[in-house]
Number of protein chains: 4
Amino acid sequence: MRFFSDNAAPAHPRVLEAIAASNCMDTAYDGDSWSRRLDAAFSDLFETQVAALWVTSGTAANCLALAVLCPPFGAIVCHRDAHIENDEAGAPAFFTNGAKLMLVDGEGAKVSPEAVADACDRVRKDVHQVQPAALSITNATEYGLAYRSEEVGALGELARSRGLAFHMDGARFANALVSTGESPADVTWRAGIDALSFGFVKNGGLNAEALILFRPELAEEVAIRRKRAGHLLSKGRMCAAQILAMLEDGLWLDNARGANAAAQTLASAAPGRLVYPVEANEVFLRVSSEEAATLRSAGFDFYDWAPGEIRLVTSWDQGGEAVERLAAAIARL
Amino acid sequence: MRFFSDNAAPAHPRVLEAIAASNCMDTAYDGDSWSRRLDAAFSDLFETQVAALWVTSGTAANCLALAVLCPPFGAIVCHRDAHIENDEAGAPAFFTNGAKLMLVDGEGAKVSPEAVADACDRVRKDVHQVQPAALSITNATEYGLAYRSEEVGALGELARSRGLAFHMDGARFANALVSTGESPADVTWRAGIDALSFGFVKNGGLNAEALILFRPELAEEVAIRRKRAGHLLSKGRMCAAQILAMLEDGLWLDNARGANAAAQTLASAAPGRLVYPVEANEVFLRVSSEEAATLRSAGFDFYDWAPGEIRLVTSWDQGGEAVERLAAAIARL
Amino acid sequence: MRFFSDNAAPAHPRVLEAIAASNCMDTAYDGDSWSRRLDAAFSDLFETQVAALWVTSGTAANCLALAVLCPPFGAIVCHRDAHIENDEAGAPAFFTNGAKLMLVDGEGAKVSPEAVADACDRVRKDVHQVQPAALSITNATEYGLAYRSEEVGALGELARSRGLAFHMDGARFANALVSTGESPADVTWRAGIDALSFGFVKNGGLNAEALILFRPELAEEVAIRRKRAGHLLSKGRMCAAQILAMLEDGLWLDNARGANAAAQTLASAAPGRLVYPVEANEVFLRVSSEEAATLRSAGFDFYDWAPGEIRLVTSWDQGGEAVERLAAAIARL
Amino acid sequence: MRFFSDNAAPAHPRVLEAIAASNCMDTAYDGDSWSRRLDAAFSDLFETQVAALWVTSGTAANCLALAVLCPPFGAIVCHRDAHIENDEAGAPAFFTNGAKLMLVDGEGAKVSPEAVADACDRVRKDVHQVQPAALSITNATEYGLAYRSEEVGALGELARSRGLAFHMDGARFANALVSTGESPADVTWRAGIDALSFGFVKNGGLNAEALILFRPELAEEVAIRRKRAGHLLSKGRMCAAQILAMLEDGLWLDNARGANAAAQTLASAAPGRLVYPVEANEVFLRVSSEEAATLRSAGFDFYDWAPGEIRLVTSWDQGGEAVERLAAAIARL
């Protein structure tokens with residue numbers, strides 16, 4: 001019973017069906033009829049004109065966005081625990097041709113306006129120091145916290161006043177949204193976000209993520225950079241088809257609700273052990289190494305996160321018995 | 001009836017079945033049981049120990065290979081009509097951090113040892129000029145010609161003597177092999193190839209190509225660069241599963257045979273119009289623009305290649321009626 | 001008696017005096033009183049507001065200019081024999097983070113509007129091919145030809161209509177100007193040039209070149225990139241002082257006149273042997289290898305350029321006897 | 001009376017004389033008779049065979065070294081206050097094509113083996129995290145502390161055991177050496193250093209630094225990268241001549257002794273105010289902003305470093321009255 005990552009979960013059956021349905025001769029790359037529907041589908045969802053491009057990984061989505069938002073000689077302010085800093089093998093530097101990540105601290109991997117302002121203020125305004133050019137936050141955060149529109153808006157205002165472009169890594173965007181109940185528009189462009197990595201793979205997709213550009217004029221450069229990075233698939237229609245299937249009838253929200261509910265079940269089992277509030281599909285628990293061993297010997301698989309701390313991640317497909325059993329096992333510790 | 005690109009063809013049903021069969025929770029990235037079978041599967045095929053990594057595009061396969069074979073300050077000798085020069089948006093420069101393509105000429109996009117030697121000889125051996133560090137050829141070439149082992153071997157010998165690493169872009173490797181009847185080993189590592197982009201997408205795959213390293217010690221760096229380029233998919237098992245399905249029971253060869261046979265059918269219809277011998281699944285014909293219009297009005301779709309020249313590409317799935325009808329239409333011109 | 005390169009000549013005594021005169025404690029980098037005079041000095045010379053930055057090599061000047069004029073994914077159109085293609089070790093790719101040089105032909109290394117238009121027209125307007133973004137010409141050319149304002153203007157118009165930024169490598173700008181007698185303004189910004197590498201080192205400077213930006217708003221990014229490339233010297237005042245000394249009383253023009261006159265003396269000795277008209281300080285002669293040996297045995301040092309062709313370069317300091325003796329030796333061949 | 005930076009001091013008269021003496025026609029770039037003496041001169045000094053190349057800035061020396069010691073996908077461990085992190089505009093990322101700086105803490109900008117080991121241990125050994133590949137320390141540190149051979153040796157041993165290349169930024173190498181009295185060999189290659197940026201500009205040079213490679217086989221790649229970065233000056237002999245003049249009769253050590261003695265004079269004036277021990281030519285003092293204002297109004301120029309802290313830097317030429325007056329002024333506070 002695996003709780004180590006939503007990355008490893010299967011794709012939703014409707015996603016595979018959509019791929020099969022798109023498996024016919026059509027224009028290659030992104031000229032096909034599926035790919036050409038993305039802009040409209042996401043413009044509807046976000047209640048404004050956006051440009052939407054498929055990519056096959058969250059790292060690609062994040063770094064293509066950062067590459068158009070930050071020059072090679074600029075810095076991207078982000079949290080010290082951000083995925084772009086810790087889990088992308090330096091891809092931001094590769095895609096941007098050398099931009100720097102300027103790290104800030106914050107509880108639960110959340111970035112505050114104060115932390116950003118402080119980081120910027122520490123930089124001398126001369127050619128000897130790398131000047132901040134962009135801000136990137138993760139929603140839900142790496143510790144499963146969801147940003148409210150108001151919080152993003154405060155960061156957006158700061159970003160604007162400092163001349164920073166603003167990116168959101170939404171690998172678990174769906175989980176954050178169903179947790180706060182806010183609208184996609186409110187927590188993104190209305191709050192100042194320029195580009196969003198809209199994740200599907202952790203939420204039932206197979207290998208398609210969407211890069212949403214709230215400044216659609218950036219799409220041309222992103223498309224060039226996507227090709228240049230080897231990310232323009234010839235049968236791209238199967239990426240678009242996945243995404244469209246996820247959007248249809250709110251499958252993306254249903255899946256996220258399932259994963260979040262599973263996380264709440266686990267959280268309820270041991271509220272006193274929670275390291276962070278559970279606002280998405282990740283549960284960080286304080287357990288001793290003996291307790292962790294107990295859980296593992298009962299057949300549960302997960303990551304140790306820090307001394308005395310484990311991480312449990314629930315997936316869209318974990319609605320049932322395994323979660324109940326794990327919750328019970330935790331309660332018994 | 002589309003003859004504009006094998007890129008645009010559907011995936012083979014067994015490939016989709018393999019994806020569905022791999023659609024379960026497993027280790028993420030490339031630690032799953034499918035991905036871990038690739039080295040062995042290709043080592044068998046190539047009769048030597050190789051390292052094999054999946055990627056999702058030919059551009060990624062080519063450029064990851066070039067990035068480990070050529071330093072940023074080196075040059076890659078290739079044909080003026082090579083895919084890496086003309087159709088990858090500068091991806092070789094991106095992945096290698098700035099290496100230069102040193103272009104040579106040659107009939108049918110074939111590279112000769114003389115042309116390579118000449119290109120190298122024109123470079124002064126000083127720090128002011130970019131020194132050649134690698135050689136890349138495409139097999140089958142961009143004009144549908146297949147290299148024989150002997151030809152590759154002569155290039156390999158030259159490469160060795162000049163200190164050049166040697167890469168083969170095998171986007172249509174299967175088509176070349178079934179055309180010459182030679183063994184995978186003979187036309188690659190036995191002939192001096194260090195790395196091969198082994199194409200599946202044009203041949204019935206969905207979105208998985210294999211990068212084969214005949215110097216397996218390069219695999220660690222390739223794996224790092226693959227992640228850094230955003231090409232390490234979390235559900236990578238579905239890439240590996242596709243490739244394994246293609247290898248099983250020789251599906252990759254069957255598909256290539258089908259496409260090649262279709263090309264021969266077209267070639268036979270008008271031998272006098274052929275621009276190049278047809279040795280794979282591409283047919284370049286001399287037809288006037290009026291004749292091209294006639295074919296198009298009959299429902300056939302293809303690219304104009306040059307004034308008075310069209311390109312027809314056949315796919316694994318075009319065994320039947322459409323090909324016969326096109327052949328007849330060509331014969332009637 | 002060396003005629004192999006103006007690169008190797010000594011600096012003019014007044015340049016060394018200027019360095020000595022600036023050898024006092026002052027603000028480091030480019031905040032000193034010499035550096036701060038450059039904008040005004042060159043704005044006077046060019047009869048318009050420019051930004052002017054010192055750098056220590058022509059390669060740095062060229063490539064910093066190209067880096068702000070061309071994105072990493074763009075192409076720079078230039079002549080096949082351009083210094084940036086042949087003699088800068090791939091520095092354009094390094095500074096631009098991967099831009100491509102798109103080569104055109106032309107007699108005497110001159111670029112024509114037709115050649116540029118043709119090169120651009122051959123590029124498909126899609127994301128698979130690298131799109132031209134800049135044009136770079138060398139004046140005087142690598143074969144010693146000088147562009148007239150009218151010629152540059154025609155290129156400038158084309159550049160504007162195609163959306164190309166326009167750079168001039170003026171390593172021998174002074175030699176070109178004294179040859180045509182045109183004004184600095186006419187042959188640069190009035191003809192559409194955006195940035196000029198204004199050479200001093202081949203013309204009596206020690207190690208200072210000027211990068212002139214006719215779009216002064218680019219200066220901030222150039223200054224950042226200069227620092228990032230390690231080209232912001234702490235005692236930069238000695239670069240600025242050299243340049244100011246060269247500008248003072250027209251020393252730069254006097255030096256160029258001296259070098260050009262020496263070239264004319266050589267050209268007059270054997271008009272029938274000239275490969276190109278002599279319009280600057282380079283003389284390309286048709287001489288057999290026996291004749292070349294004769295000249296060498298008489299103590300003259302120069303480069304073989306091509307079979308049956310030698311290059312002679314004259315310097316600002318070669319006003320006298322050596323030139324006369326070489327001219328006589330050539331006449332005697 | 002300026003105490004803000006040794007960067008801003010004049011060059012020593014013997015350096016200017018050496019430049020003048022080298023101001024004759026010779027082979028361009030680094031083929032001249034001065035440049036060709038560098039390897040031998042530094043091999044003597046370091047008691048082992050080294051390769052030595054001139055460059056014109058400390059940033060270039062540091063980053064060329066790092067580019068050959070660390071791959072684009074690797075990390076360089078360094079102190080949070082290191083020059084390469086704070087004062088080079090991201091040049092390490094530019095020259096290495098994207099390597100990451102992995103920051104450690106340590107009193108007085110000194111790096112300890114424990115801090116390096118800890119930083120390395122925090123990195124997961126997988127492709128998702130950037131793996132450390134090099135270690136860089138500054139000697140004397142940014143706060144004027146000198147490493148002893150023993151300290152460097154302990155770091156060198158750790159570097160070897162972790163597979164890290166080892167670089168020393170010796171912008172103030174001379175100041176460190178005269179402070180500890182140790183030999184150049186002991187504190188560098190005998191302690192495990194692979195490459196040293198040997199500074200001259202802060203110590204009486206005009207614009208020449210030396211990059212010393214204790215693994216001479218790296219010189220070829222460094223030479224290529226130097227050219228590619230626009231740092232191969234055509235009249236390079238004047239860089240080499242400066243360096244040779246500095247080495248002659250121990251001028252470099254005399255100059256450093258002068259600067260260090262001046263720093264000691266200042267330190268003695270207010271031992272209770274010292275933030276760090278004074279082991280080179282930098283003095284960090286605790287003074288209130290009122291006290292700082294008092295010093296400034298007396299004509300002394302320097303940087304505020306942190307709230308309640310100022311930095312005074314002495315130069316090779318500040319042997320006399322100004323230092324005494326500043327010392328007295330400090331004592332009077």
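Two residues are taken to be in contact if their C-beta atoms, placed from the backbone, lie within 7 Å. The model on screen is predicted, and in it local features need pLDDT of at least 70 and side-chain atom pairs count only at pLDDT 80 or more, while totals for chains, interfaces and linings use all residues. Residues are numbered from 1 along each chain as its sequence is written, and chains are lettered from A and ligands numbered from 1 in the order in which they are written.

Begin by selecting chains A and B, where 38 residues of chain B are in contact with 37 residues of chain A. On the side of chain B that touches chain A, α1 (13-21), α3 (58-69), α5 (91-96) and α9 (219-228) each supply at least two residues; helices here are DSSP runs (H or I, at least four residues), numbered from the N terminus. By class, that side of chain B has 21 nonpolar, 12 polar and five charged residues, where Ala, Val, Leu, Ile, Met, Phe, Trp, Tyr, Cys and Pro count as nonpolar, Asp, Glu, Lys and Arg as charged, and the others, Gly among them, as polar.

Next, select chain D together with chain A, whose contact takes 13 residues from each of the two chains. The side of chain D that touches chain A divides into six nonpolar, five polar and two charged residues. Chain D can be laid on chain A with an RMSD of 0.0 Å by a turn of 180 degrees and a shift of 0.0 Å along the axis, the copies being superposed by least squares on the C-alpha atoms of residues with pLDDT of at least 70 in both. That is the relation of a two-fold axis, and the C-alpha of chain D nearest to the axis is that of D:G98, 2.4 Å from it. The same surface serves both copies, as 100% of the contact residues of chain D recur in chain A.
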